[in-house]
Amino acid sequence: MTWLFADRETGRLVIGQFPNLPLWIFLAAVALRLLFRPSGDFDTALTVVANVALLWWAFWEVLRGVNPWRRLLGSMVAVVVIGAALVSWL
């Protein structure tokens, strides 16, 4: 288990971290959608912003995650976001 969760630089166990810029953008877009329940183009724009920000975070974790858990989490989130986008287009 240490191998999965240990930070490769510090040796500390890392499961989650304080949100970075892409996650803050994602959270802001989701909060705006929940608060204002927009429709039409504004709803579409917020959905795109949220999905792009989440993909940005996911790929960032895959490439720069501090441990295998963070890279795996980024991979899973990317698959879910891309899969959901593909299903919604069908």
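Student: Is Phe5 buried, partly exposed or exposed, and at what relative accessibility?

Tutor: This is a predicted model, in which local features need pLDDT of at least 70, side-chain atom pairs count only at pLDDT 80 or more, and totals for chains, interfaces and linings use all residues. Residues are numbered from 1 along each chain as its sequence is written, and side-chain values use heavy atoms, with hydrogens and water left out. Buried means under 20% relative accessible area, exposed over 50%, and partly exposed in between (1.4 Å probe, protein chains only). Phe5 therefore counts as buried, at 16%.

Student: Which geometry class describes the aromatic pair of Phe5 and Trp69?

Tutor: Rings of Phe, Tyr and Trp (its six-membered ring) pair if their centres lie within 6.5 Å; planes under 30 degrees apart are stacked, over 60 edge-to-face, and the rest tilted. For Phe5 and Trp69 the centres are 5.7 Å apart and the planes make an angle of 55°, so the pair is tilted.

Student: How many residues apart in sequence are the parts that this pair ties together?

Tutor: Helices are DSSP runs (H or I, at least four residues), numbered from the N terminus. Phe5 belongs to helix α1 (residues 2-5) and Trp69 to helix α4 (residues 68-89), so the parts tied together are separated in sequence by 64 residues.

Student: Where do the buried residues of α2 lie around its axis, and within what arc?

Tutor: The buried residues of α2 are Pro22, Leu23, Phe26 and Ala29. The arc is taken over the directions from the helix axis to the C-beta atoms. These buried residues line one face of the helix, because they fall within an arc of 130°.

Student: Are the partners in the salt bridge of Glu61 and Arg70 buried or exposed?

Tutor: The side chains of Glu61 and Arg70 meet at 2.8 Å, N to O. Glu61 has 6% relative accessibility and counts as buried. Arg70, with a relative accessible area of 6%, is likewise buried.

Technical notes
Helix = DSSP H or I, 4+ residues; strand = E, 2+ residues; numbered from the N terminus. Salt bridge = Lys/Arg side-chain N within 4 Å of Asp/Glu carboxyl O.
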